[in-house]
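These notebook entries record what I looked up, chain by chain and then sheet by sheet. I began with one chain and its overall form, and moved on to its contacts.

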Amino acid sequence: MRIPELTLPAAMASLLGRLPATPPCWALVTTLNQLKKRDILPADMSLLAGHSFEVHVQDAGLRLGFCADEQHFKVASVGTAPDLRLSANLADFARMMLREEDPDTLFFNRKLIIEGDTELGLIVKNLLDSVDWSSTPLQRFMAV
Amino acid sequence: MPATRPLPELVCPAGSLPALKAAVDNGADTVYLGLKNDTNARNFAGLNFDDRTAREGIRYAHQHERKVLLAINTYAQGGDISRWHRAIDEGAELGVDAIILADIGLMEYARRRYPALRLHMSVQSSATNYEAINLAQELFDIRRAVLPRVLTLDQVKQVIDHTRVEIEVFGFGSLCVMVEGRCLLSSYATGESPNSHGVCSPAKFVRWEHGSQALGARLNGILIDEYQQGEAAGYPTLCKGRFEVEGDTYYALEEPTSLNVMAMLPQIIDIGVAAIKVEGRQRSPAYVAQVTRTLREALDAAGREPQRFSVKPGWTQALSKLAEGQQQTLGAYNRPWK
Amino acid sequence: MNTLQLTLGPVLFYWSRDDILRFYSEAADWPLETIYLGEAVCSRRQQLRGQDWIALGKELAESGRRVVLSSLALIESESDLRRLRKLVENGELQLEANDLGAARLAQQQGRPFVAGHHLNIYNADTLALLQSLGARRWIPPVEMDRDTLAAVLQQFSRTGQPIETELFAWGRLPLALSARCFTARHYNLSKDDCQFRCLEHPDGLRLNTREQQAFLTINGIQTMSDGCHSLLPHLAAIAAMGVQALRISPQWQHTAQVIAGYQQAIQALHSPLHTDIDLAPYADSRLVDGYWRGEAGIAALGETHHAHS
């Protein structure tokens, strides 16, 4: 599956931006906790605990805030400066998740913006890289 | 003669289990990896292998008849070096096909404890000449040496002609402009270097400053570079920053560039290089997959018809996308670069 | 507590033949235990050739100095190896091996040698191994901090085979070596046609950050610190550790004053009188000692430089 080069129209961003971010954020956190529970996401929570994160989907105007404790990921409010913010367009996030594109490549090309604690960013990047999707139904979508 | 030369092994990096599988699935002959501590030179948080993933990775590679190398390529520090000894013990116990070592004191330990274990001399040993390599061969029976990225192709040949040790060279990846194992720039700025901590310009010292005009990259407070809007950024590796010398601001040491030896593959095969290494254990499975696939294709093509070999535009395109700074060079193999 | 000795490291910059000869005619009178001679940085630097260095060394040795020939640190070509063999086979002067290949040649000749800081000795096992090859003295990596060094020396002392330790104590720190020449690069010249522009920069070329912080020094294929490393404030602890010698790295001016200052400070260690020696006027950059204190090497005397924490 190749993800086409597309950017969501600005109107969509302004529309989505006005919707409450809590449902998608809740979905993200639930997914993360599920993946962790099933040992698909090999997260060393001691490296993440006490930190706040924000995923900013630029073209969708969506900001998803969450944080981590020693056991779980939790929904967190957006607004205060997170310890780590990852910003990119939806298509680039999708490319990164499906391993069609290397996060470093996106970063070098300024398509992925990392703000805040650089080492935390590296931890998250390495965590995503270490997920073995071959044991999940997502496998058939993966580029690698 | 060229026709009788065996193809060099394609040695690919793995910072995680998915990266290892990506390397194997895309045609690597050999995969190299490190443990989750400062015994290896890519000691980054969240990267590398623990006992479980190492076992699973080795099983996967061996099932596909590929080899796994364990990099223990930092220098054992101070009075208590048991961590490095344990890493060697672990490698031997896991059944890796060879251990890559930088510190000659550790080579001595590995040889004494595990007489049958195959040892490689790491690029971090800074062995740039055959006398250095032959010393390690005589003392510890090392079977392969990885050459620092500073020699011309003629100099590589000179080494090969004067040693029984197999020679591995770098083929693709971020370019170290300094002799590996002989660069302390990182610890000068941060206190941590590849030799001592297994890191270069470590992320915990990096700060990105998102200004209104430019993106600033600082390492422990030291401004390594600034990028204007739309300008491609680079990780603030010290040697790849822009600095001012006598009024000129430029990449005073090296541009953010990747090494790519594809154009030289027939010559590399011809002089008898035993293995070609891809840099990048810190990179993602996507990178490993794309680089491995491309180099596999190129290497096979060069092996089939060395006389008619030419670099296909598709290969260049695939690799340049992944290259740091999106520029590629033949590096020191090509004299003018020096 | 043993008495610390002073040594003069090899000149790391490229000076003209006349300047080199003048420098060493003065150095012959300085209070030095050992003088290291030779080109350790760039094989293209040939104002003095191997034979010239050997002749100069023998001359200095006759005046009662211990003289050691420093090998090139980056040995790439067959001609580099040929020159190295000539140095090793001089028959009289010891070698400072700055490359494993150099250590091998010295060992094959059955000649004792000094294990230079480029040999990356970070632990007692590696030190013992080099000793078994013939090393009689070693210089720890310049980045090694005092706690690590103390641990290595303590561990090594259990072998019962003493070895001399010499520390890089003064000067711009030699940090990195490359196949590329950064001085030639600065002048848009190729390395093969560098026009020996290093001769114009007897203390190297200063490299600043984009906000004018003096950071590094370009010296041909070598990158050095801008800061001048100084272990002067730490002499008592160093002597107590069992270190024998302190290396002063030559600089274009005031090397004599630096050596005199160190000599005075060493003497003061054995006297109850308080002395206050300030060598800052003899350095043309900031004094740093971060490495010794386990900090970033760039940390100035007494300063903490961990901005991230």
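Entry 1, chain B as a whole. I took helices (H or I, at least four residues) and strands (E, at least two) as DSSP runs, numbered from the N terminus. On that basis I counted 11 helices and 16 strands in chain B. I note that the model is a predicted one.

I next asked what radius of gyration chain B has, and whether it is above, below or in agreement with that of a compact globule. Chain B has 20 Å, and because a compact globule with 338 residues would have a radius of gyration near 20 Å, the two agree. Along its principal axes, the C-alpha trace of chain B spans about 60 × 55 × 40 Å. I found that 62% of the 338 residues of chain B count as buried. I then looked at contacts in chain B with a separation of 6 or more: residues 24 or more positions apart account for 64% of them.

Entry 2, chain B against chain A. I looked up how many residues take part, and found 28 residues of chain B in contact with 27 residues of chain A. On the side of chain B that touches chain A, at least two residues each come from helix H1 (17-25), strand E9 (206-210), helix H10 (285-304) and helix H11 (313-322).

I located B:Cys183 opposite C:Ala176 in E7(C).

I traced an open sheet of 5 strands in chain A, with the order E3-E2-E1-E4-E5 and mixed pairing. Its edge strands are strand E3 (73-75) and strand E5 (113-116) of chain A, each of which pairs on one side only. From one strand to the next, I note an average twist of 25°.

Lastly, I examined the pairing of E3(A). Strand E2 (residues 62-68) of chain A is joined to E3(A) by 3 bridges, and the two run antiparallel. In this pairing A:Ala68 stands opposite A:Phe73.

Methods: Residues are numbered from 1 along each chain as its sequence is written. Chains are lettered from A and ligands numbered from 1 in the order in which they are written. This is a predicted model: local features need pLDDT of at least 70, side-chain atom pairs count only at pLDDT 80 or more; totals for chains, interfaces and linings use all residues. Two strands pair if DSSP finds at least two bridges between them. The radius of gyration is taken over C-alpha atoms; the globule rule is 2.2 Å times the number of residues to the power 0.38. A residue is buried if 20 or more other C-beta atoms lie within 10 Å of its own, exposed if 12 or fewer, and partly exposed in between; C-beta atoms are placed from the backbone. Two residues are in contact if their C-beta atoms, placed from the backbone, lie within 7 Å. Axes are lines fitted to C-alpha atoms, for helices over the stretch in contact, and angles run from 0 to 180 degrees between N-to-C directions.
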